[in-house]
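Here are some notes to read alongside the model.

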Amino acid sequence: MRRKTGIDRREFMRRGTAAGAAALAARGASGAAPAAKIKVGVIGCGSVSRKYLPHLAGCAHAELASACDIKPERAAQAAKKFKIPNHYPQIDAMLAGAPFDLLVNLTFMQEHGRLNKIALEAGKHVWSEKPLANTYAEGAALVELAKKKGVRIWGAPTVVNSPQFEFMARAINARKLGALAAAHASYGHLGPDWSAFFYEKLGGSMPDLGVYNLVTLTGLLGPARAVTAMLSVVTPMRTVGDKGEVRVEAEDNAMVLLDHGKGVISHVQCGFNYFTPFQHDDTQQDHHTISIIGREGSLHLCGYDWAPHGVDIATADSRSFTRRATGAQGYCWEQGASVICECLATGKEPRWTAEHALHVVEIMEAARESQEHGRRVALKSTFPWPVVEGV
Ligand SMILES: NC(=O)c1ccc[n+]([C@@H]2O[C@H](COP(=O)([O-])OP(=O)(O)OC[C@H]3O[C@@H](n4cnc5c(N)ncnc54)[C@H](O)[C@@H]3O)[C@@H](O)[C@H]2O)c1
């Protein structure tokens, strides 16, 4: 399937987002010198930083310059463990301190938009954990601000980089499934127990979990045109490490229907009340978390899309399921900021775009609107698609 969208990826790249990759390679965010290594400032030294920091520390194109956390002891611990020369208790102090090129934002979801904006204003590139912003309007303003400042912004998740995503994109494009009809994705567990922000307003299972499946399905099937959703709270009170017992204000259960045009409809379900026998450890299990179904074949992803390990495919020509695209082949979900350092240092373009992350923010906002008003919500955003070169 090769449906043209408002923006063709190659055209988008040719026009040159934020002055183009060559310009990025030629200078750091701060000025003139060629950037062999990108100086990184990491903000948010909690749970996910324990995956990011080792990866960045081993990245040939990254130099860990500063760590920052409003819990200063966390920044100090991270600095000590990873030999980061500077640590700070808040973003203003970090920006006024040792220079860096790229802000890696690993803070509470509700803080992403605000902190990303401050960093862009200061002329820093940004890699943000998901979501890029809390609303579409906030995210669109960030993308505009980045263009104005001549810097770049990108956001997790990194799922489009997996070899399994690429295999599925190529199979769909080669029409191995025939005319596409439907897709389904599911991601859930029993919910984080360390921080309250997951359950506070603008938290929830969509921006924490569903976001992965939304990036995968829009990445494979193209930008969505409309959303219908039902959201709910199954567990109204939670006990979390940083605040004790808290009331759940954001959905912990979501069903989101997407219209991709040309008759293709997909569905994402996610939640913080999903029993699984292995919780997050079931990345190596055989169960399918994503299915793509056409008239002449179907694809089924083994393991979660952030850590998949194979794709089962059956087609009208080859009716028994065979497993393809096995193994990680160098991909891991926590590679986002390191890949961005490599891209900034060498001039390569990453496979993901801010526009794709922003489209998914719009979907999540539309899902909330659909739940609130009981209606289908049209989307206005799009992104450079297809996302795999040569597809
Ligand atoms: N934990 C995971 O396994 C995981 C995996 C993938 C993505 N993520 C994403 O990573 C982000 C962080 O999640 P987490 O689980 O690490 O949360 P966390 O609560 O463990 O860590 C967040 C850290 O950010 C700090 N922080 C919050 N606001 C700040 C501010 N304004 N300035 C400086 N520091 C600030 C907090 O003090 C905390 O140490 C979220 O967007 C989450 O969805 C987490």
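1. Two strands pair if DSSP finds at least two bridges between them. Helices (H or I, at least four residues) and strands (E, at least two) are DSSP runs, numbered from the N terminus. On that basis β9 and β10 form a hairpin, with 3 residues between them. Strand β9 covers residues 237-240 and strand β10 residues 244-247; the two pair in the antiparallel sense over 4 bridges. Within this pairing, R238 has V246 in β10 as its bridge partner.

2. On provenance: this is a predicted model, in which local features need pLDDT of at least 70 and side-chain atom pairs count only at pLDDT 80 or more, while totals for chains, interfaces and linings use all residues. Residues are numbered from 1 along each chain as its sequence is written.

3. An open sheet is formed by 9 strands in the order β16-β15-β14-β13-β7-β12-β11-β8-β17, with mixed pairing. The edges are β16 (322-324) and β17 (377-378); each has a single partner strand, so one side of each is left without a neighbour in the sheet.

4. Helix α8 (residues 163-173) packs on the sheet, where it touches β7 (180-188), β13 (288-294), β14 (297-302), β15 (310-315) and β16. The direction of α8 makes about 20° with that of β15. Axes here are lines fitted to C-alpha atoms, for helices over the stretch in contact, and angles run from 0 to 180 degrees between N-to-C directions. Helix α11 (residues 354-373) lies across β8 (226-232), β11 and β17, at about 65° to β8.

5. Strand β11 (residues 253-261) pairs with β12 in the antiparallel sense over 8 bridges. One of these links V256 to V268 in β12.

6. Leaving aside neighbours within four places in sequence, V264 is in contact (C-beta atoms, placed from the backbone, within 7 Å) with L180, A181 and L221. The C-alpha atoms of V264 and A182 are 5.8 Å apart, although 82 residues separate the two along the chain.

7. The ligand is surrounded by 24 residues, the closest being G44, G46, S47, V48 and S195. A residue counts as near if its C-beta atom, placed from the backbone, lies within 6 Å. At least three residues of the shell come from each of domain 1 (9-158 + 338-346) and domain 2 (159-332 + 352-378); these bounds come from an automatic or database domain assignment.

Notes: Two residues are in contact if their C-beta atoms, placed from the backbone, lie within 7 Å.
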